Amino acid sequence: MKVLTVIDSFKGSFTSQEANHIVANAFRKSTLIDEVIELTIADGGEGTIAALTTNLDGEIRKISTKNLLGETIQANFGWIEEKKWAIIEVAEAVSITFLDGTNQTHPSMTNSFGVGLLIKYALNLGAKQIIIGLGGTGVIDLGWGAASALGLRVYDKNHTLLEPFPVNFSKAFYLDSSHVDERIQKTRLILLNDVSNPLFGSEGAIRLFGKQKGLLEDEFSEFELSAKVFADIVDSGMHTFPGDGAAGGIGFMFRSLFDGGYQPGFQFISESLNLEKKICTCDLVITGEGHLDYQSLIGKVPFGVANLAKQQGIACIAFTGKNELNQAEYLPLGIDAVIPIVDRVTTLDKAIKNGKDNLKKAAELTAKLMELGANLDTSKQKKIINRST
């Protein structure tokens, strides 16, 4: 039997690469298994750099950039020399984890300048394609900071250059893109995004995601009104595009000013890795993630993998830390069995801390049960043969 492991990261516990390695090693001990192939995977968010560089002979570099407070940090940057592909996760520079609840980290005073620095580094390498994973940010600056790092200048009505912070949204009067790095217009920008949230409104970057980034509810209306002033300067009347609300509006800026194109994260990564062809050569596909819930049904790794396996008539099982779906929800989508890795009552902190051991035990038990089932089937076949002779 040939097995393919395509497991996403268990956030806060271990990476996709670690998850696949743990499960693959457990199944390699089984007498049923002839070969196990491990494939690091992601959905366009966290882990995108690792998924593409690991499987496409690339490298991960540590690059100096700025976080959302303007502090110098080291961020992961993916580079695939053969293809001249640069891979950037915006959260590497402006992650929500940099927020500390102080006035300094209020969304009006943070920006995405560091993301622009990563793009500039990619341009200096001669990137033909820059793949940008959106999501996990702590900013709501509509990409102003990133564009500023690439040369965009925004002025008020008195022709005074504005600092690229949301606190200045309502002062924006006109922009000057004549200083923007010309190389970006010659480089393909792919925006990996699995959400369809617009920039504004009840499902937008401010009202839906603002609170978790430090914006108070009574600030929503004023913040959104000022943001609309800025958005109209960037792309008058054209800020209703599905997906523009991702990553605090960074996607909006890249799409409207730099001609970036949205692509579903899992689809782009799976096609880049020839996942469908790899699945076709296997007898069993193993996937999973830390938490299976209704959000998993839309663009996430487990059901993307399961759908490809189902199309080929290949069995698929999923390991998870927590499962909120029932069989009626996951069976039609291609997952034949969901296996929770936590086997006792515990706290979330302990579950995360013991995640690797729990996954190892669950994988070994599953492999052993499969082996036992195969042996029982063989015994039944022998009994039938003996009775007929």
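Guide: Tyr121 is partly exposed, because its relative accessible area is 24%; buried means under 20%, exposed over 50%, and partly exposed in between (1.4 Å probe, protein chains only). This is a predicted model: local features need pLDDT of at least 70, side-chain atom pairs count only at pLDDT 80 or more, and totals for chains, interfaces and linings use all residues. Residues are numbered from 1 along each chain as its sequence is written, and side-chain values use heavy atoms, with hydrogens and water left out.

Visitor: How many aromatic pairs does a search of the whole structure find?

Guide: Rings of Phe, Tyr and Trp (its six-membered ring) pair if their centres lie within 6.5 Å; planes under 30 degrees apart are stacked, over 60 edge-to-face, and the rest tilted. The search finds 11 such pairs here. One of them joins Phe77 and Tyr121 edge-to-face, with 4.9 Å centre to centre and 85° between the planes. Phe77 belongs to strand S4 (residues 72-80) and Tyr121 to helix H4 (residues 113-124), so the pair links distant parts of the chain, 44 residues apart. Helices (H or I, at least four residues) and strands (E, at least two) are DSSP runs, numbered from the N terminus.

Visitor: Is Phe77 buried or exposed?

Guide: Phe77 is buried, because its relative accessibility is 0%. Elsewhere, ring pairs link Trp144, Phe169, Phe223 and Phe230 into a cluster.

Visitor: Which charged end sits over the ring of Trp85?

Guide: That of Lys83, 4.8 Å from the ring centre. The test is NZ of Lys or CZ of Arg within 6 Å of the ring centre and within 35 degrees of the ring normal.

Visitor: What should I look for in phi?

Guide: Most residues other than glycine have a negative phi. Lys84 has a positive phi of about 60°; it lies in the loop between S4 and strand S5 (85-89). Ala247 also has a positive phi, near 55°, and is found in the loop between helix H6 (220-234) and helix H7 (250-258). Lys84 counts as partly exposed because its relative accessibility is 23%, while Ala247 counts as buried because its value is 8%.

Visitor: Which residues form a nonpolar patch on the surface?

Guide: Tyr294, Leu297, Ile298 and Leu333, with about 380 Å² of accessible area together. Leu333 is in the loop between helix H11 (327-330) and strand S13 (337-340). Patch residues have over 30% relative accessible area and no salt bridge; nonpolar side chains (Val, Leu, Ile, Met, Phe, Trp, Tyr) are joined within 5 Å, like charges within 9 Å. A salt bridge is a side-chain nitrogen of Lys or Arg within 4 Å of a carboxyl oxygen of Asp or Glu. Areas come from the Shrake-Rupley method with a 1.4 Å probe; for residues, only the protein chains shown count as cover.
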